[in-house]
Amino acid sequence: MARLLLVHHSPTASLQRLTDAALAGARDDAIEGVEVIARPALETTAEDVLAADGYLLLTGANFGYMSGGLKVFFDSTFLRIGGALDESGGAGEATGPTARRPYGLLVHGRYDTVGAVRSVQGIVGALGWKQAATVVDVLGDITEDHLEAAAEWGGTLAATLMS
């Protein structure tokens with residue numbers, strides 16, 4: 001059975017609603033053969049990442065960057081999950097154990113999400129992960145359309161792992 005890992009930092013009611021919607025979409029009854037596991041970013045381990053076949057990343061946009069929780073997740077797992085650095089300390093060619101695995105990104109912000117999206121994409125690029133769905137970029141108060149987009153996003157990623 002394929003495994004989809006949702007790594008989230010959901011400290012607010014808005015982010016929790018988006019997380020719940022994404023999980024509902026990923027766990028839709030029409031999707032078979034995919035186990036969906038949700039882990040708070042601050043509790044996710046390298047072993048969790050290595051055991052998964054694809055990733056959903058959900059974060060708030062804080063001061064033009066991803067959430068501190070998601071950043072800690074990347075900082076604490078990056079080299080163990082296949083992140084590559086070149087001699088200068090910049091991103092190298094990723095050929096590690098998670099390279100080429102699919103991922104999706106959902107970012108919620110009050111005013112701007114550009115920096116948060118860019119920061120996550122830079123890190124997953126150094127991991128060699130492949131974007132499997134359009135970034136879900138949510139600004140302002142959460143609407144039913146946002147929740148539907150989150151559910152579709154979760155379902156899309158889960159469906160890419162169906163055997």
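Visitor: What share of the contacts in the protein with a separation of 6 or more is due to residues 24 or more positions apart?

Guide: Such residues account for 80% of those contacts, where contact means heavy atoms within 4.5 Å. The model is predicted, so local features need pLDDT of at least 70 and side-chain atom pairs count only at pLDDT 80 or more, whereas totals for chains, interfaces and linings use all residues. Residues are numbered from 1 along each chain as its sequence is written, and side-chain values use heavy atoms, with hydrogens and water left out.

Visitor: Why is Thr113 called buried?

Guide: Buried means under 20% relative accessible area, exposed over 50%, and partly exposed in between, with a 1.4 Å probe and protein chains only. Thr113 has 3% relative accessibility and therefore counts as buried. Buried residues make up 52% of the 163 residues in the protein.

Visitor: What makes the pairing of the Thr113 and Asp137 side chains a polar contact?

Guide: A polar contact is a pair of N or O atoms within 3.5 Å; within protein, one must be able to donate a hydrogen and the other to accept it, and residues adjacent in sequence count only if both atoms are side-chain atoms. The two side chains make such a contact at 2.3 Å.
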